[in-house]
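Work through the exercises below with the coordinates loaded. Each task is followed by a stepwise solution.

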Amino acid sequence: MSSETGPAVVDPTLRRRIEPQEFEVFFDPRELRKETCLLYEISWGGRRSIWRHTSRNTDKHVEINFIEKLTSQRSFRPSARCSITWFLSWSPCGECSKAITEFLSQHPNVTLFIYVARLYHHMDPGNRQGLRNLICRGVTVQIMTEQEYCYCWKNFVNYPPSNEVYWPRFPNVWMRLYMLELLCIILGLPPCLRILRRNQRHDTLFTLVFQRCHYQRIPPPIIWARGM
Ligand SMILES: [Zn+2]
């Protein structure tokens with residue numbers, strides 16, 4: 001792949017890439033867009049070849065669509081070792097987390113890594129418990145950082161010529177807010193992140209509200225490292 005020409009014209013994944021504007025809108029951590037976008041890659045049996053594709057919500061959530069599509073494929077062999085990585089614009093809801101844990105229970109050879117741009121309705125206890133259940137089941141759940149944005153840009157986006165090294169440089173503070181909230185979820189603490197949703201993106205307020213239990217359970221260096 002040349003840095004001068006964008007994705008190679010013979011790149012077999014080209015038709016499965018999304019446009020730069022779509023990527024920026026879907027994965028902006030400040031943007032509370034309703035629809036979910038999934039970028040995923042699958043590798044089988046430790047092979048170096050990786051299958052990449054993108055998906056969105058239909059009448060079902062994108063995670064359910066993924067599971068149904070994967071398990072219905074004739075090439076799907078439950079006995080083969082399989083590594084799946086998701087880059088999700090929203091974290092899974094409680095119902096999807098339940099479906100994912102059931103899928104993983106039925107397919108113990110599957111390893112799943114989930115990177116999310118935002119936490120979906122993170123105040124909802126069911127969503128929080130769902131994420132904890134995923135982590136207990138061995139799923140890696142992390143907030144997307146610049147490293148993942150860069151990776152997605154190079155591998156899932158039909159980026160324009162000479163823009164291989166570009167990725168949306170969203171302010172780190174939003175990633176840090178979501179990282180802190182994900183830590184609260186993992187530790188079983190109440191939410192510390194408050195998002196006041198309004199219609200216009202620029203009217204959306206992100207604030208931190210700490211309680212005594214947050215200070216007791218979260219090591220101060222982690223809070224300081226988040227720049228708070
Ligand atoms: Zn869902």
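A crossing is left-handed if the near helix is turned anticlockwise from the far one by less than a right angle, and right-handed if clockwise. The model used throughout is a predicted one.

**Exercise 1.** Determine the relative orientation and the handedness of α3 and α4, and classify the residues of their contact.

Solution. 
1. Take the axes of α3 and of α4, which spans residues 125-136; they come within 8 Å and cross at roughly 20°.
2. Angles under 35 degrees count as roughly parallel, and α3 is therefore roughly parallel to α4.
3. Viewed for handedness, the crossing of α3 and α4 is left-handed.
4. The contact is made on the α3 side by G94, S97, K98, I100 and T101, and on the α4 side by G126, N127, Q129, G130, L131, N133 and L134.
5. Sorting the residues of this α3–α4 contact gives eight polar, three nonpolar and one charged.

**Exercise 2.** Which residues of α5 are buried, where do they lie around the axis, and what covers them?

Solution. 
1. Within α5, residues 146-156, the buried positions are E148, Y149, C152, W153 and F156.
2. These residues span an arc of only 140° around the axis, so they sit on the same side of α5.
3. The cover over the buried residues of α5 includes helix α1 (20-27) and the strands β1 (37-44), β2 (51-56), β3 (82-90) and β4 (110-118).

**Exercise 3.** Is T54 buried or exposed, and which residues is T54 in contact with, leaving aside its neighbours within four places in sequence?

Solution. 
1. Locate T54 in strand β2.
2. Count the other C-beta atoms within 10 Å of T54: there are 20.
3. The threshold for a buried residue is 20 or more, so T54 is buried.
4. Beyond the neighbours within four places in sequence, T54 is in contact with R16, I18, C37, L38, L39 and F156.
5. For a C-alpha to C-alpha distance, take T54 and E41: they are 13 residues apart in sequence and 8.7 Å apart in space.

Terms used
Residues numbered from 1 in each chain as written. Predicted model: local features only at pLDDT ≥ 70, side-chain atom pairs only at ≥ 80, totals over all residues. Buried ≥ 20, exposed ≤ 12 C-beta atoms within 10 Å, placed from the backbone. Helix = DSSP H or I, 4+ residues; strand = E, 2+ residues; numbered from the N terminus. Arc of directions from axis to C-beta. Contact = placed C-beta atoms within 7 Å. Axes fitted to C-alpha atoms, helices over the stretch in contact; angles between N-to-C directions. Parallel < 35°, antiparallel > 145°, perpendicular 65-115°, else oblique. Nonpolar A, V, L, I, M, F, W, Y, C, P; charged D, E, K, R; others polar.
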